[in-house]
Amino acid sequence: MEEKDGSAWYSTWFDSPFYHILYQHRNHSEAEKAVSTLLTFAGVKKGSVIMDLCCGKGRHAVFIEKAGNIVTGLDLSPASINYCKTFEKDNLHFDVHDMRKVYQADKFDYVFNLFTSFGYFDDQGNEQTLLAIKEGLKTGGKVIIDFLNVIPVIKGLPAEEVISLDGIDFYILKYLENNRIYKHIKFTHDGHEYSFCEEVNALQLNDFERYFEHTGFKLLSVSGDYDGSPFNEHQSKRLILLAEKK
Ligand SMILES: C[S@@+](CC[C@H](N)C(=O)[O-])C[C@H]1O[C@@H](n2cnc3c(N)ncnc32)[C@H](O)[C@@H]1O
């Protein structure tokens, strides 16, 4: 059963400033490169209406708009959306929104879901997310899901490391349990001890194929990284899927 939103790990961790400290290397230059490749991968024409679903602090949304598109960034984290609102403009808007719900029906040419922003729920919740995405797309609209490639990740588990950033030592433990990848993050800051956990389903290509089949999407193509390289389940860093609303 899903936790209530207020206490679910994805509501607290992503809304905390510490998430942004730990992932600061996932920055604007990575996003700019990813967006440029993904726009080509998906065949996006200028002037498209695009949702950046789970946009975080908007690092991809700004470049999708800059490329000449009309962009709405959505995220569950009020802190991230408050930040994004400071650089809203004519073709770039942001809203707090839960990905499992329909935002606006039949409005979008594309939905981008980037940097492992999928697979947080059980099968029902994941499929509910895809159904909400489908509802938001125009007929023939497309979704891009940029997920981690779990096979090489799982090979390296369990794994422990300490990452020191901005004066904080993050103690990290990653492991696989019940086909979910867990990342425990512990640290002390200003005399307080913190503990967070990220969890994501270890979804593989065949799981996405099943989800797409159930929810009315046709898989169009698969790529293995932000440089557009083909997908190889043993070597690729990413599993990037492009699917069309049937
Ligand atoms: C791994 S981060 C990626 C953020 C952004 N795409 C990026 O690349 O910087 C996942 C994002 O999903 C958001 N998120 C988590 N659960 C969500 C939900 N139920 N609905 C909408 N957004 C959610 C988080 O707040 C977080 O910003």
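Predicted model: local features only at pLDDT ≥ 70, side-chain atom pairs only at ≥ 80, totals over all residues.

**Exercise 1. Compare the span of helix α6 with the expected value, then find what covers its buried residues.**

Step 1: α6 covers residues 123-136, which is 14 residues. At 1.5 Å a residue, the expected span is 20 Å. From first C-alpha to last, the helix reaches 20 Å, close to that expectation.

Step 2: Look for burial next. Asn 126, Thr 129, Leu 130, Ala 132, Ile 133, Lys 134 and Gly 136 are buried.

Step 3: Their cover includes the strands β1, β4, β5, β10 and β11, along with helix α8.

**Exercise 2. Work out on which side of α8 the buried residues lie.**

Step 1: Phe 208, Tyr 211 and Phe 212 are buried in α8. They cover an arc of only 100° around the axis, so they sit on the same side of the helix.

Step 2: Turn to the other side, where Asn 206 and Glu 213 are exposed.

Step 3: Among the elements covering the buried residues of α8 are α6, β5, β10 and β11.

**Exercise 3. Decide whether strand β6 is buried or in the open, and describe its pairing.**

Step 1: β6 (residues 159-165) has seven residues, and the number buried is zero, so the strand lies largely in the open.

Step 2: Seven bridges join β6 to β7 (residues 168-177), and the two run antiparallel.

Note on methods
Residues numbered from 1 in each chain as written. Helix = DSSP H or I, 4+ residues; strand = E, 2+ residues; numbered from the N terminus. Expected span 1.5 Å × (residues − 1). Buried ≥ 20, exposed ≤ 12 C-beta atoms within 10 Å, placed from the backbone. Contact = placed C-beta atoms within 7 Å. Pairing = 2+ DSSP bridges. Arc of directions from axis to C-beta.
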